Amino acid sequence: MARTRIGSDRHKEYPPLKRIPTHVAIIMDGNGRWAKQRGLPRIAGHRAGTENLRRVLRACVEFGVKVLTLYAFSTENWGRPEAEIQGLMSILRDVINRELQDLHKEGVQLRHLGDLSRIAPDLQQQVLNAIELTRDNTTLILNVAFNYGGRAEIVHAIQEIVKNGHPPEAINDELVSRYLYTGSLPDPDLIVRTSGELRLSNFLIWQGAYAEYYFSEVYWPDFGKDALYEALKHYEQRDRRYGLVK
Ligand code: IPE
Ligand code: IPE
Ligand code: MG
């Protein structure tokens, strides 16, 4: 058996877990406070947050998670100062430019949750190209929720259902789910929020109906493999009853 080398993440051993969530969703929060703590501008926190993406993605693949959903920009985040919004847009652009080929090589299938129409046309095109390039990949499905809001998603689904002429008696849970941005993907098993905030902030409000929740005090840029493993360990202990008696 390989020895555990303390202090080195790379060689660290993570005892196998008995139950792995198929779909993990993360509210990546605390970038601003991470920066403030270091006397840096908020945007430096967002940049540090994107550096962390790679670590968490790799860890998800290694631990056997099949679908990862990341909350990157909410419909409410448009209310932030213009400079911060522009900074976040340029980070999205940079991440696609810098990471796309590697993500593709690693078998990541990229998807977008939300409304693309409000972002710059060239950036929209970049996102669509990335989705197209990776559409047949199967190692991990990565949903990026950008300009995403749970209520907007439900409103959009209702509009589409009406437009497509579904009669009232044909509308059920399954049909509504199909019309959400997540479409045929399984609901999240585990929803994680970093930075100590105990709320959903309009994230996956339909799909999270029976998710397990895990809240971590750690700010997103510092939420690495160890922290994710900790979250998965908590999930392993949960007794999912779905309203039934065991
Ligand atoms: C999360 O970090 C990233 C986005 C919402 C875009 P925040 O920017 O919310 O960081 P805090 O919560 O202010 O620390
Ligand atoms: C939620 O975080 C949105 C994202 C992480 C993208 P916020 O920081 O915007 O949420 P509130 O303001 O704390 O509810
Ligand atoms: Mg926040």
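Predicted model: local features only at pLDDT ≥ 70, side-chain atom pairs only at ≥ 80, totals over all residues.
How many nonpolar, polar and charged residues does the shell around ligand 2 have? By class, there are 5 nonpolar, 2 polar and 4 charged residues.

Let me remain with ligand 2. The residues around this ligand are Ile27, Met28, Asp29, Tyr71, Ala72, Phe73, Asn77, Arg80, Arg193, Arg199 and Ser201. Strand S2, which spans residues 67-74, makes the greatest contribution to that shell, with 3 residues. In Arg199, a side-chain N or O atom lies 2.8 Å from an oxygen atom of ligand 2. For Arg80, the corresponding distance from a side-chain N or O atom to an oxygen atom of the ligand is 3.2 Å, and a polar side-chain atom of Arg193 is placed 3.3 Å from a ligand oxygen. Taken alone, ligand 2 would expose 390 Å², of which the protein buries 78%. The ligand sits in the largest pocket.

I turn now to ligand 1. The space that ligand 1 takes is the largest pocket. Its surroundings consist of Met28, Asp29, Gly30, Asn31, Gly32, Arg33, Arg42, His46, Ala72, Asn77, Arg80 and Leu88. By class, this shell has 3 nonpolar, 5 polar and 4 charged residues. Helix H1, residues 31-37, and helix H2, residues 42-63, each supply at least two residues of the shell, and H1 gives the most, with 3.

Asp29, by contrast, places a polar side-chain atom 2.8 Å from an oxygen atom of the ligand. On its own, ligand 1 has 370 Å² of accessible area, and the protein covers 86% of it.

Finally, a few words on strand S3, residues 108-113, where Gln109 is found. Why does Gln109 count as buried? Its relative accessibility is 10%, and buried means under 20%, so the residue falls within that class. A polar atom of the Gln109 side chain lies 3.3 Å from the backbone oxygen of Arg135. His112 is also found in strand S3, and this residue is buried because its relative accessible area is 17%, again under 20%. The C-alpha atoms of His112 and Tyr181 are separated by 7.9 Å, although the two residues are 69 apart along the chain.

Conventions: Residues numbered from 1 in each chain as written. Chains lettered and ligands numbered in written order. Heavy atoms only, no water. Near = heavy atom within 4 Å. Polar contact = N/O pair within 3.5 Å; in protein donor to acceptor, adjacent residues only side chain to side chain. Areas by Shrake-Rupley, 256 points an atom, 1.4 Å probe, with all protein chains shown as cover. 1 Å grid on protein atoms, 1.4 Å probe; cavity = no way out; pocket = protein on both sides within 12 Å on 5 of 7 lines; lining within 4 Å. Sits in = over half its atoms within 2 Å of the grid points. Helix = DSSP H or I, 4+ residues; strand = E, 2+ residues; numbered from the N terminus. Nonpolar A, V, L, I, M, F, W, Y, C, P; charged D, E, K, R; others polar. Buried < 20%, exposed > 50% of the residue type's maximum accessible area, 1.4 Å probe, protein only.
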